[in-house]
Amino acid sequence: MNHFFRGALLLLACSSGLAGAQLSSPLGTAPASKPSSESGSGATPPVPHVAGQGPGVHSPLSPFAPLAARADVVAWSVLTDIKTQIQNRRIVPVYTPAVAALNQKTQRLQGFMVPLGPGEQQRHFLLASVPPTCAFCTPGGPESMVEVRTREPVKYSLNAVVVEGKFHVLQNDPYGLYYRITEAVGVK
């Protein structure tokens, strides 16, 4: 894995309010969990969202227009509609049935490129729900970004792009990512 990608993921962890820890990495000593009265399974209740997590907020000061609605792409509101919980001292996503149904199927996504390496042509980047406003900050939590790996390079753009490929809902990504799209191609 290249250094740019690791740096972007470290920034992801820092922007989510868990400085020094990746979302799927073991947390420090966790307090003993109490059994949940709702499920009766002893599951840990959902983790409340912390500052920096969420679907991303489009800054009114951004020089870039927010995403225009498109019927041919998965809506970010679907991807960001998740909860988290602690399992085995890790913060893990709890996906809705709508999100789980997207797994391993060809999907289209629209978003803003967050390059993970230099160059005008990108084969590996993050796609975010809102445009980045800082070169050193991620625009939201892991639920508002998708790792993209393309078949052929996609030209970097400050404007929104659309990609299509095989969508993966990640269960235990070592870098704390929730979503990935592979074999992607740029779509007009």
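**Salt bridges and a core**

Mentor: Both Glu-120 and Lys-155 are exposed, in what is a predicted model.

Trainee: What makes Glu-120 and Lys-155 a salt bridge?

Mentor: Their closest N and O atoms are 3.9 Å apart. The cut-off is within 4 Å, so the pair counts as a salt bridge. Glu-120 sits in the loop between β3 and β4 and Lys-155 in strand β5, so the bridge ties together parts that are 35 residues apart in sequence.

Trainee: OK, and how do you know that Arg-180 and Glu-147 form a salt bridge?

Mentor: Check the N to O distance: it's 2.5 Å. That falls within 4 Å, so they qualify. Arg-180 is in strand β7 and Glu-147 in strand β5, so this pair links parts 33 residues apart in sequence. Both Arg-180 and Glu-147 are buried.

Trainee: Why is Arg-70 called partly exposed?

Mentor: Its relative accessibility is 30%. Buried needs under 20% and exposed needs over 50%, so Arg-70 lands in between. Asp-72, at 34%, is partly exposed too.

Trainee: Switching to the nonpolar side, how many residues are in the largest nonpolar core?

Mentor: There are 22, and Leu-79, Val-146 and Phe-167 are among those with the most contacts inside it. Strand β6 gives the largest share, four residues.

Trainee: What does Leu-79 touch?

Mentor: Its contacts include Leu-109, Glu-143, Val-146, Phe-167 and Tyr-179.

Definitions and conventions: Residues numbered from 1 in each chain as written. Predicted model: local features only at pLDDT ≥ 70, side-chain atom pairs only at ≥ 80, totals over all residues. Heavy atoms only, no water. Core = buried A, V, L, I, M, F, W, Y, C linked by side-chain atoms within 4.5 Å. Buried < 20%, exposed > 50% of the residue type's maximum accessible area, 1.4 Å probe, protein only. Helix = DSSP H or I, 4+ residues; strand = E, 2+ residues; numbered from the N terminus. Contact = heavy atoms within 4.5 Å. Salt bridge = Lys/Arg side-chain N within 4 Å of Asp/Glu carboxyl O. Lists of a residue's contacts leave out its neighbours within four places in sequence.
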